[in-house]
Amino acid sequence: MTAAAGESAAGRDAAAGAPESTGAESTGAEGVHDRLTALAARLAEAGERPAPPCADPVNEPMIRNWTQALGDPDPAWHEGGLAPPAMIQVWSMPGLGTAKGGSAADEVLRLLDESGYRGVVATNCEQTYDRYLRHGERLRSTLRFDGIAGPKRTAMGEGYFVTWYQTWYDERDERVAEMLFRVLKFRPRERPGGAGKPGGGGKGAGGKGAGGAYPLRPAVGPDTAFFWDGVKDGELRIQRCADCGALRHPPGPVCPECHSLSREHVVASGRGEVHSYVVHHHPPVPGRTPPYVVAVVELEEGVRIVGNVNGVPPDEVKIGMPVEVAFERMDDELVLPQWVPAGAARQGGDEAAERKAGQGSGHGSGHGAAGEEPVLEIPLTPTFVIATALATRDFTPVHHDTALARAQGTKDIFVNILTTMGLVQRTALATVPGAELERVEVRLGAPAYAGDTLRLFAERAGNGTVRVRGTVSLGDHVTATVRLRRGGGHGGGHGTEAAR
Amino acid sequence: MTLSGKAAIAGIGATEFSKESGRSELRLAAEACLDALRDAGLSPADVDGLVTFTADASSEIAVQRELGIPGLRFFSRVDYGGGAACGTVAHAAMAVATGQADVVVCYRAFNERSGHRFGQATASGRADSTGLEFSWHLPYGFATPAAWVAMQARRYMHEYGATSEDFGRVAVAMRRHAATNPKAWFHGRPITLEEHQASRWIVDPLHLLDCCQESDGGVALVVTSAERARDLPRPPVLINAAAQGTGPDQMMMFGYYRGDLAALPAIGNVGADLWRRSGLTPADVQTAILYDHFTPFVLLQLEELGFCGRGEAGDFIRDGGIEIDGRLPVNPNGGQLGEAYIHGMNGIAEGVRQVRGSSVNQVPDVRNVLVTAGTGVPTSGLILSAA
């Protein structure tokens, strides 16, 4: 399952039942839609059914693997005899060499595949924990198909959202946890000549070749290196004259206003609006999949910059549209500052990117809480990506086999969703020590590739909730709302301070 | 001291215009130069100066060798793509007017369709000033001239309410002119506005038929003193005014960072110099050769050069203003959209024919012709006048 550019783009889609005018592509869409609707109704009616058995009891060796791989130091999981709540799905993972089977939506996903909706991205994962589990407990789980929504226009292409539930019960048949899982199955945008990308998943509208180096590399010189260095750090740097203060983009060695040779830079807020734009269709451009949007963006600092507008269908881009920066990793070396509709890359009040901007030299615009540090900063080494995948018993090759991951059209191996859930848990509990997780609602965004750095920020949002946001160079990897309850229901380890 | 009227174009020459010349670019250059010298009634032995584009593949000394020119006193090259076109004539005229040379041939020849195509994506840049300038654009797949022009065209539409049909009427007019020009690639092949609208997107808002064709061919022009030209067989066509120009914060087709995108300040500056140096006004020009690599910039040039007000070019064209019998017949040869894309040099040759009265689509009573070079880049212009 590929978690990619999902919710930020997919969540803003147009009203249901308004497929884009894809001409011949939509031929037979009515028939497919009817069959999907009928199948979804039948599956939903079937209700809850048993999932493959949970092979092992909740046990300390698997918990130790997990806490070590994720770097979770909480003593509650060992001395306290408790299981990390975000491990819930681990207990029912089938393991290597066992047919994955039974996502509760397999038939719907297969029909969508056959109907040209070959791409897939996970968009949502919501887990409710009725109570914490103790070492030694035996579990069983069930699956329940929920429904489909679509066809909807999304940044990935036209698609259907497919939702199902998994529920876990203890030996007394009392529910201990429930999970909602939602994926977008989409029809990948066609390349001219009809060579749609097989497998499809996980690519933004820009489109990059699988694997290798991105072919459109900027030349970098002594007068421009600061800009590209900044981009790698998630900063949009604008040259400022150290004498007269004039801002300038593109930069150069001399201030055209006062002829000073003394330069510095500010970090832009990353907000601007589309001043003009084009939609490139022809000729083919290496490394790009048309149609794509190139825009002149006027920043709120007053300078202009050129970049792609991603995350929105080209025909919805307009002059005057507010956009914000989203850093896009093109390959191992190159990151480009790109643009998405304002608000698309951020949800809730926790604006980590703004904090980042606020740290910039002399920017002083007052956006975000300057100097605030991430709760967790995790270098995504291949070891981390692989160890966490295995510790969560997820043997999908895209999480440990680089060559296979690239063959499927992703840049590299990437962090799996079960690990993301665990890191959200870690971030929330580090922010409110002693609290207990009641519910986690996660929206998935850009993939967290090996070689990148995942920074997790947290903000207490009142009413016992914490907002967690995880960013990578491509933008938001995860945004989550975590509901906490008063600890103490589990004894040992955790304190009883209420979450506020 | 003024250049006005000191030099003249005494001869024009060209190869055929095609999509595949089947021969070397140097050979095309030599053929065009020989054709122009024949037209002027001169021989290679009379030539002592050569000027071409920085972009040209054939060096001055290579052309000198092929033509058997005994020696050169003056050679120079003009930069910035199609913006060089009128600049070559300006350099030649200055050399002639100052006595640096007697007979200067300006040439441009390429296999732009069968060889290196400008319309294909540019993928890399060196870390020189030009490469760095491109590096703010190429990484975003913003890599073709059509895309670079389209960015300004979109803003122009936004500012003034212009439409794709307004651009399309330029293409329709150019193809109508080309249809009656036997040398034009699109001879006998006019188009309708509906066909323009139905043609595929290249870079929205530009359709295929908003873009000039890619061509193989060569054009050469012989420049000598007005005095010497009077003794040659063809009626002399005086270089009444010549100008090169850039605008503020000038870039190579990326004038997006300051000021108004719905404008072309470089050609505005060139126009102001041409009017001042010639003492003429737009009303004194009977026909204009406006560089038409992409339709939207014909509209912007009409405005920058003062043939109509800002935002009024669409109306000017809708009213038939650029037709052969209109207020300002534009590109009677069919322009680069209809005749051939020889980087603007074929347009200068048409300007000469209009002054001579020898064009296949002759505008009546031509005394002064305004000619422009590539826009969106540092550019140049000429006013050619009857002696």
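What share of the 500 residues of chain A count as buried? The figure is 58%. Buried means under 20% relative accessible area, exposed means over 50%, and partly exposed is in between, with a 1.4 Å probe and protein chains only.

Some ground rules. This is a predicted model: local features need pLDDT of at least 70, side-chain atom pairs count only at pLDDT 80 or more, and totals for chains, interfaces and linings use all residues. Residues are numbered from 1 along each chain as its sequence is written, chains are lettered from A and ligands numbered from 1 in the order in which they are written, and side-chain values use heavy atoms, with hydrogens and water left out.

Chain A, then. It has nine helices and 18 strands. Those are DSSP runs numbered from the N terminus: helices are H or I with at least four residues, strands are E with at least two. Now contacts, meaning heavy atoms within 4.5 Å. Take the contacts in chain A with a separation of 6 or more: 70% of them come from residues 24 or more positions apart.

Here is one residue to look at. A:Q89 sits in the loop between helix 3 (60-70) and helix 4 (106-114) of chain A. Is A:Q89 buried or exposed? Buried, because its relative accessibility is 12%. Skip its neighbours within four places in sequence, and A:Q89 is in contact with A:Q127, A:Q166, A:W168, A:M179 and A:L418.

Next, salt bridges. The rule is a side-chain nitrogen of Lys or Arg within 4 Å of a carboxyl oxygen of Asp or Glu. Over all chains there are 46. Let me pick out a few.

In chain A, A:E438 pairs with A:R483, with 3.1 Å between the closest N and O atoms. A:E438 is in strand 15 (residues 436-444) and A:R483 in strand 18 (residues 475-485) of chain A, so the bridge ties together parts 45 residues apart in sequence. A:E438 is partly exposed, at 22% relative accessibility. A:R483 is partly exposed too, at 34%.

Over to chain B. B:R228 forms a salt bridge with B:D46, closest N and O atoms 3.7 Å apart. This pair links distant parts of the chain: B:R228 is in helix 8 (residues 226-230), B:D46 is in the loop between helix 1 (25-40) and strand 2 of chain B, and they are 182 residues apart. B:R228 has a relative accessible area of 30%, so it is partly exposed. B:D46, at 27%, is partly exposed as well.

What about B:R154 and B:D204? Their side chains meet in a salt bridge at 3.4 Å, N to O. B:R154 is in helix 5 (residues 145-160) and B:D204 in strand 5 (residues 201-204) of chain B, 50 residues apart. B:R154 counts as buried, at 11% relative accessibility. B:D204 is buried at 16%. Back in chain A, salt bridges with shared partners join A:D130, A:R144, A:R175 and A:E178 into one network.

Stay with chain B for its strands. Two strands pair if DSSP finds at least two bridges between them. Strand 2 (residues 49-53) and strand 3 of chain B pair in the parallel sense, over five bridges. Opposite B:S76 in strand 3 stands B:V51. From strand 2 the chain crosses through helix 2 (residues 60-67) to strand 3, a right-handed β-α-β crossover. Right-handed here means that, with the strands pointing away from the viewer, the path from the first strand over the helix to the second runs clockwise.

Which side chains of strand 3 (residues 74-78) of chain B are buried? B:F74, B:S76 and B:V78 are, and they point to one face.

Last, the interface. Here 38 residues of chain B are in contact with 42 of chain A. The two chains bury about 3,200 Å² between them, 64% of it on carbon and sulfur atoms. Buried area is the accessible area, with a 1.4 Å probe, that two parts lose on being put together, summed over both. On the chain B side, B:W136, B:Y140 and B:Y257 lose the most area to chain A, together 26% of what that side buries.

How many salt bridges are there between chain B and chain A? One. B:R258 forms a salt bridge with A:E257, closest N and O atoms 3.8 Å apart. Helix 5 of chain B gives the most to the side of chain B that touches chain A, with six residues.

That's the tour. Thanks.
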